[in-house]
Amino acid sequence: MPSQHPQAIGYGHVVERYVTRKDSDHPRYLDLGSARILRPGWPHAERFARQVIEDAATITDAELEALLAYEWRSRLTAAWLIGVDRRASFRERLGDLLLASEVCYSGSAYCFALARLGTHADAEILTAYLDHYLPRTDLHYDQPAALGALLHLDARLGTHHADRFTKPDGSWDHWVEGVVRLGYPGYTPAEQRRWTDLRCDFANGWTGLRR
């Protein structure tokens, strides 16, 4: 679907308000897309967390839709806000965006949000994505983030959706072999789950800052 600037639909404020605002030394979208927020002792942690929690709770559905219809920075930020506030009404929208893979960088945020929503329906969306994209050993999209989120959900739900992907000489191994030939790292399932666990545990810890 074509990208639409929020200003075109009367929501010109949302990018500055939610995406490029600075709760640290960097715009919010850069912090959300990096690992710095997970580092112990990050000096901006409490202020950053409080602002994200507040915005996740108060942003309207219409504002989120305006962000999701725009470019990758806005979509990444919107997905994080959806995940932090666990807005299940956006589940199908996130699934559609993940499968479409229209823009770079935002897919891992969709996977984080689905992991935070935490249901069998979210696992099914991630499974469908992996069914579609793991056979494409020539594409390095969001397969690692999707598998990490699915493994996280399996552990939480007591399910085994990821087993058929991660079995020896299965579709995950074949995909990794393909992208290694393209110059990408040899991702392991355990490492991908660890990153999802860290992000979700970090967001879970923010709930103690709610007032």
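Which residues lie nearest the centre of the largest pocket? They are Y105, S108, D142, A145 and R199, among the 28 residues that line this pocket. The model is predicted, so to speak with care: local features need pLDDT of at least 70, side-chain atom pairs count only at pLDDT 80 or more, and totals for chains, interfaces and linings use all residues. Residues are numbered from 1 along each chain as its sequence is written, and side-chain values use heavy atoms, with hydrogens and water left out.

**Pocket and cavity**

- The largest pocket has a volume of about 800 Å³; α2, α5 (72-85), α7, α9 and α12 each give two or more residues to its lining.
- A pocket is an open set of points on a 1 Å grid over the protein atoms alone, with protein on both sides within 12 Å along at least five of seven lines, whereas a cavity is a set of points where a 1.4 Å probe fits but cannot get out; lining residues have an atom within 4 Å of a point.
- A search of the whole structure finds 1 cavity of 30 Å³ or more, and the largest cavity holds about 40 Å³ of space.
- Residues lining the largest cavity include R75, L97, L98, Y110 and D142, with α6 (91-100) and α7 (107-117) being the elements that give two or more residues to that lining.

- Helices here are DSSP runs (H or I, at least four residues), numbered from the N terminus.
- In α11 (residues 171-181), W172, W175, V176, G178 and V179 are buried, meaning under 20% relative accessible area with a 1.4 Å probe, protein chains only.
- Those buried residues fall within an arc of 160° seen down the axis, so they line one face of α11; the arc is taken from the directions from the helix axis to the C-beta atoms.
- Their cover includes α8 (120-133), α9 (143-157), α10 (163-166) and α12 (189-206).
- After α11 comes G183, with a positive phi near 100°.
- L126 is in contact (heavy atoms within 4.5 Å) with L98, C111, L114, A146, A149, L150 and L153, leaving aside its neighbours within four places in sequence.

**Around D23**

- D23 sits in the loop between α1 (14-19) and α2 (28-32), and counts as buried because its relative accessibility is 1%.
- Its side chain makes a polar contact with the side chain of R28 at 3.0 Å; such a contact is a pair of N or O atoms within 3.5 Å, and within protein one must be able to donate a hydrogen and the other to accept it, while residues adjacent in sequence count only if both atoms are side-chain atoms.

Definitions and conventions
Buried < 20%, exposed > 50% of the residue type's maximum accessible area, 1.4 Å probe, protein only. Points joined across faces, edges and corners; volume = space filled by probe spheres on them.
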